Amino acid sequence: MKSLLPLAIVALLSMATIASAQSAKESDYYTITTFETPIGEVIEACGFQLMPDGSMAVCSRRGDIFRIADPLAETVGPDQFSFYARGLHEPLSLAWREGWLYATQRCEVTRMRDENGDGAADVFETVADGWGVSTDYHEYAFGSKFDKDGNMAVTLCLTGSFNSDVPFRGWAMKITPDGQTLPMTSGVRSPAGIAADAQGRWYYTDNQGPWNGTCALKPLRQGKFVGHPGGFKWYADAESTMGPKPVEPESGSRLHIEADRIAELDMPTVLFPYNKMGKSASGIACDTTDGKFGPFQNQLFVADQSASTIMRVFLEEVDGHMQGVCFPFRSGFASGNVGVEMTPNGSLFVGGTNRGWGSVGTRPFAIERLDWTGKTPFEILAIRLQPDGFELEFTEPVDRDSVTDPATYQLQTYTYEYRSQYGSPEVDHTQPTIRSATVSEDGLKVRLVVDGLQRGHVHEFLCDKIKNAAGQTLLHPQAYYTASYLVK
């Protein structure tokens, strides 16, 4: 009679493999390194720039710029920090071009450099200051990196949440290589990050408030209006680049309805459902590292200040517009995430502050680095809208038995009121019907045929029953696709 012991061992090993697969956690794939900052320095890190010598410049909301000598070291301590500049007016973004470090301050874009070689900037020049500033706390300014033509974009917060008391508050401005400040996009409310995708298209994050039902990733395109009419008064000074003022939006309507009525109104690229994906979307970084940060090439990574998280965004073009889906990605940061920077080696630098707003991360400020461990998480890599449903792509082949039953997927839709009041609840809920689920030959894609797609709605997926060949469930089974437009 054969011994049953080997079979028992195989069974135990199988159970252990399944248990291990089921207990996968974010830190298995992406690790957080928290830097130890100098005693007595409050570095509320809101912007980063990798310097030509390999050091990292970091700007603090409090007016300082520091350099970190070896930002990729296994541990980073106080002795690696040195100050580069002090006394700036709330710098929130940094960029580098032709030997100069550029800082976007509340009142201007400034460039600086170290000419005497002592490690600190000693030459400062105003590049552009074609907007107003008052004493209102809310008038933040965020700047982009340079595009291929040497232009920079700057987003300017409103005065408070509702008003534009000085020129071009509530606008995005283009800064040309020769220092002109040109009105580019109106309708900005409370931006907290700005970056380009792999094709050079600019986006910014805007936060929930009046005319913003929830936080969103929005496009920045010349001559467009992105939702908040508080700065309309400045069209009189902007017609040469913007054309005439758009018609006023109707409070209580829906964005897609108003976009059909207002030619200049650009729909959001991605909506971040409030509470579900955070409360304060902020910095943006694009992964152009060719696999050094994992399997998410050309996707965007968006910080949230309140939730102390990083979200992941996949974009596609539909009906001539960019839109897409957001996923949870990494939680557990020490403070409220604001600035992010992806470096060529595949490290994501994350800076944060709670600034009295509060955040899940309990520290008042932090500088951290997120690195890929080399292990591939089982995730939904992308969701693409189809004329009659969706295509889901995965990072690893799926277990076919776990994905072919339409009941495997939970799908609902909703949108937000487009209104002058602060924020909006979810409204207009629907329950689409999934008719079929078909797996590709390689097991990496599932095609869902869906009745009831809704233009202008978030399509919320819960896929917690999907498994890969090892029996592992998705690390993040939630996904939120914003169908600003439908496939014709």
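Guide: Let us start with the charges: the mean position of the 42 positive charges of the protein and that of its 60 negative charges are 3 Å apart. Here Lys and Arg are taken as positive and Asp and Glu as negative, with His and the chain ends not counted; each charge is placed at NZ of Lys, CZ of Arg, CG of Asp or CD of Glu. The model is predicted, with local features requiring a pLDDT of at least 70 and side-chain atom pairs a pLDDT of 80 or more, while totals for chains, interfaces and linings use all residues. Residues are numbered from 1 along each chain as its sequence is written, and side-chain values use heavy atoms, leaving out hydrogens and water.

The overall form comes next. The protein contains 3 helices and 33 strands, where helices (H or I, at least four residues) and strands (E, at least two) are DSSP runs numbered from the N terminus. The radius of gyration is 23 Å, close to the 23 Å of the globule rule for 488 residues, so the protein is as compact as a globular protein of that length. This radius is taken over C-alpha atoms, and the rule is 2.2 Å times the number of residues to the power 0.38. The C-alpha trace spans about 85 × 55 × 40 Å along its principal axes.

The accessible surface comes to about 19000 Å², and carbon and sulfur atoms hold 50% of that area; the areas come from the Shrake-Rupley method with a 1.4 Å probe, and for residues only the protein chains shown count as cover. Of the 488 residues, 59% count as buried. Buried means under 20% relative accessible area, exposed means over 50%, and partly exposed lies in between (1.4 Å probe, protein chains only). Among the contacts with a separation of 6 or more, 60% join residues 24 or more positions apart; a contact means heavy atoms within 4.5 Å.

The largest nonpolar core has 57 residues, and Ile383, Leu392, Tyr409 and Phe461 have the most contacts inside it. Strand β26, residues 380–386, gives the most to this core, with 4 residues. A nonpolar core is a set of buried Ala, Val, Leu, Ile, Met, Phe, Trp, Tyr and Cys residues joined through side-chain atoms within 4.5 Å. Not counting residues up to four places away in sequence, Leu392 touches several residues, including Ile380, Ile383, Tyr409, Leu444, Phe461 and Cys463. A second, separate core of 23 residues includes Ala216, Leu315, Tyr416 and Tyr480.

Some loop residues are also buried. Leu474, in the loop between β32 (457–462) and β33 (478–483), is buried with a relative accessible area of 6%. Beyond its neighbours within four places in sequence, Leu474 is in contact with Phe378, Glu379, Ile380, Phe394, Cys463 and Ile466. Leu474 and Glu379 are 95 residues apart in sequence, but their C-alpha atoms are 5.3 Å apart in space.

Pro377 is in the loop between β25 (365–372) and β26, and at 1% relative accessibility Pro377 is buried. With residues up to four places away left out, Pro377 touches Tyr29, Tyr30, Phe296, Thr395 and Leu475. From Pro377 to Arg169 the separation is 208 residues in sequence and 42 Å in space, C-alpha to C-alpha.

The loop between β20 (300–304) and β21 (309–318) holds Ser306, and Ser308 lies in the loop between β20 and β21 as well. Ser306 is buried at 18% relative accessibility, and Ser308 is buried at 1%. Ser308 has a positive phi of about 55 degrees although it is not a glycine. Apart from residues up to four places away in sequence, Ser306 touches Lys279, Ser280, Gly358, Ser359 and Val360.

Finally, Gly63 occupies the loop between β3 (56–60) and β4 (65–68) and is buried, with a relative accessible area of 0%. Gly63 touches Ala85, Arg86, Gly87, Leu88 and Pro91, not counting residues up to four places away in sequence. Gln105 is 42 residues from Gly63 in sequence and 8.7 Å from it in space, C-alpha to C-alpha.
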